[in-house]
Amino acid sequence: MNITIVGTGYVGLVTGTTLAELGNSVYCVDIDEKKVEGMKNGVVPIYEPNLEEMFHRNIQSQRLFFTTNLKEALDKSEVVYLALPTPPGEDGSADLSYVLGVASDIGDLMTEYKVIVNKSTVPVGTAEKVTEVISSRTDIAFDVVSNPEFLREGFAVEDSMNPARVVVGSSSEKAKEIMSKIYQPFTNTGIPIIFMDEKSSELTKYASNSFLAVKITFMNEIANYCEKVGADVDKVRLGMGSDDRIGHRFLFPGIGYGGSCFPKDVKALIKSGKQEDFNFQILEATENVNVAQKVILVSEIEKYFEGNLKGKKIAIWGLAFKANTDDIREASSLDNIDLLLKKGAEIIAYDLVAENNVRNIIGDQIQYAKTMYDALEGADALFIATEWPEFKNPNFELMAKKMKSKVIFDGRNMFPLEVPKQNGFYYKSIGRQTILN
Ligand code: UDX
C-alpha cells in the first residue's frame with residue numbers, strides 16, 4: 001500500500017519506518033526542509049535503539065521517501081497518517097492547530113478518496129473536527145480514522161513492531177477494511193486489532209496513559225505511607241504485583257512520572273473533562289501528588305543538612321526523565337535542580353546522553369561531569385534521579401574515596417538496602433527504611 005505520513009517527529013518517523021518495514025511504500029512529509037534533506041541523506045533525526053538500521057534498510061529498498069511537498073505525497077497515497085504535535089496550550093488543553101491546519105491543506109489538495117488516520121494523541125471529538133475541516137474544503141469522499149500510538153521512548157521500534165494491540169476507531173467499513181490490510185502482518189502473528197468508534201478510540205489513548213500515571217502515583221503514595229509505618233515498598237510491590245489483576249509493571253515508586261506524554265495527557269484529560277462540566281477527581285489528585293513527589297527528596301536532603309544547603313555540593317546521577325533516552329521533558333531532575341539551586345546548593349551533574357539537552361535549558365547554572373565518578377569529587381551528597389543501568393552496581397569504595405561524605409539520596413531505589421549499608425553509606429530511598437551511617 002502507498003502511505004503518506006505527515007510529521008516526522010518521534011511518532012511519525014517511527015510509524016513511517018515501521019510501515020515501510022511491513023512492505024508499504026511510505027512518503028514522509030515535513031515542513032522542515034533541513035530535516036527532510038538530512039533524512040534523504042540517511043540522517044535519522046532522533047535516537048531510538050534499532051531505528052537507524054531499519055531506516056537505512058527501507059531507504060535502500062526504496063520503500064521510505066522524504067519530501068516537503070504534501071501534494072506530491074498525497075497524489076501517490078490512498079492512506080494519510082497525521083503524526084503532528086499536539087502541545088498543551090496555556091490552559092492544559094491540547095492545541096490542535098497543527099492537526100487542523102494540515103487537515104485543511106489535505107482538503108484543498110486531494111483529488112481522490114483518502115483515509116486520513118489520526119496517530120497524534122488528540123482529544124475526543126478530533127476525528128469529527130478533522131472531518132468538518134476537510135469537508136469544508138472538498139466534495140471528494142474521504143474517511144477519518146483514529147489509530148492512537150502507544151509506543152514508549154527507548155522501546156519505540158520494539159513497541160511499534162510488536163504492539164500489545166492496535167486500536168482503530170472508525171465508522172466506515174471501507175476505511176476499516178483498508179486499516180485491516182495495513183495491519184494484517186500484525187494480526188497474522190496474533191496481535192489483536194480492536195475496532196471501535198472514533199471517540200472511544202481517541203479516549204482509549206488518554207485513558208491508558210492516565211491509568212498508568214495513576215498506577216505509578218498510587219505506588220508513590222503507598223511508598224510514602226510505608227515510610228510512616230516502617231513497611232518496605234519493595235516487598236509490598238512484589239506482593240501486590242503477583243496478583244495478575246494488578247501485574248508487576250508500572251508499580252515502581254520513585255520521584256514521579258515525567259516525559260512528553262503522561263504529564264501532558266493527564267492535564268489534557270482533566271481539561272477535556274472540565275469542558276463537559278466533569279471533574280476527573282482521581283486525575284487532579286494524581287497530578288498534585290506527582291508535582292510533590294518529584295521533589296520529595298529535597299526536604300529529606302534539607303533535613304539531613306539541618307536546614308542549610310548553602311554551598312553544599314550535591315552530585316546528581318541522571319538527568320533524563322527515564323533511562324534509555326536523552327529526553328528531559330518534564331524530567332524530575334530539572335525540578336530538583338531548580339529547587340536545590342534556590343536553596344543555595346551547588347550542583348554537579350552527570351548523564352551520558354542527556355547533558356546537552358540540559359545545558360540548552362539551564363546552561364552553566366550547574367556543573368557537568370564527564371563520568372559518574374567525576375561528579376562525586378568532594379560531594380556532600382549524591383542524588384540519583386534516573387535509573388540508568390550504569391548506576392546499578394557502582395564501585396562503592398571509589399565513591400567513598402571521592403565523596404566528602406558518604407551520603408546517597410536515591411529517587412529510583414537502585415540498590416537493595418544491604419548494599420549501601422555494608423558500604424557504610426547513609427542511604428535514603430523511596431518507601432524504604434533509611435540506612436544511617
Ligand atoms: C508513555 C507510555 O508508556 C506510552 O505507552 C505512551 O505512548 C507514551 O507515554 P514514555 O513517556 O516513553 O511512554 O515512558 P514510560 O516508560 O511509560 O515512563 C513514563 C514515566 O513514568 C517516566 O518518568 C518513568 O520514570 C515513570 N515510571 C514508569 C515510574 O516512575 N514508575 C514505573 O513503574 C514506571
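In this predicted model, the ligand is surrounded by 19 residues, and the closest of them are Glu 153, Phe 252, Tyr 257, Gly 259 and Cys 261. Sorted by class, the shell around the ligand holds 11 nonpolar, 4 polar and 4 charged residues. Helix H10, which covers residues 198–229, gives the most to this shell, with 3 residues. Residues of the shell come from both domain 1 (2–196) and domain 2 (205–292), so the ligand lies between these two domains.

The domain assignment gives domain 1 (2–196), domain 2 (205–292) and domain 3 (295–428). Taken over C-alpha atoms, the centres of domain 2 and domain 3 are separated by 24 Å. These two domains meet in a contact that takes 10 residues from domain 2 and 13 residues from domain 3. On the side of domain 2 that touches domain 3, the residues divide into 4 nonpolar, 5 polar and 1 charged.

The axes of helix H1 (residues 10–21) and helix H3 (residues 51–60) come within 9 Å and cross at roughly 55°. Angles from 65 to 115 degrees count as roughly perpendicular and those under 35 as roughly parallel, and H1 and H3 are therefore oblique to each other. Their crossing is left-handed. From H1, the contact is made by Val 14, Thr 17, Ala 20 and Glu 21, while H3 supplies Leu 51, Met 54, Phe 55 and Asn 58. By class, the residues of this contact of H1 with H3 comprise 5 nonpolar, 2 polar and 1 charged.

Definitions and conventions. Residues are numbered from 1 along each chain as its sequence is written. This is a predicted model: local features need pLDDT of at least 70, side-chain atom pairs count only at pLDDT 80 or more; totals for chains, interfaces and linings use all residues. A residue is near a molecule or strand if its C-beta atom, placed from the backbone, lies within 6 Å of it. Helices (H or I, at least four residues) and strands (E, at least two) are DSSP runs, numbered from the N terminus. Ala, Val, Leu, Ile, Met, Phe, Trp, Tyr, Cys and Pro count as nonpolar, Asp, Glu, Lys and Arg as charged, and the others, Gly among them, as polar. Domain bounds come from an automatic or database domain assignment. Axes are lines fitted to C-alpha atoms, for helices over the stretch in contact, and angles run from 0 to 180 degrees between N-to-C directions. Angles under 35 degrees count as roughly parallel, over 145 as roughly antiparallel, 65 to 115 as roughly perpendicular and the rest as oblique. A crossing is left-handed if the near helix is turned anticlockwise from the far one by less than a right angle, and right-handed if clockwise. Two residues are in contact if their C-beta atoms, placed from the backbone, lie within 7 Å.
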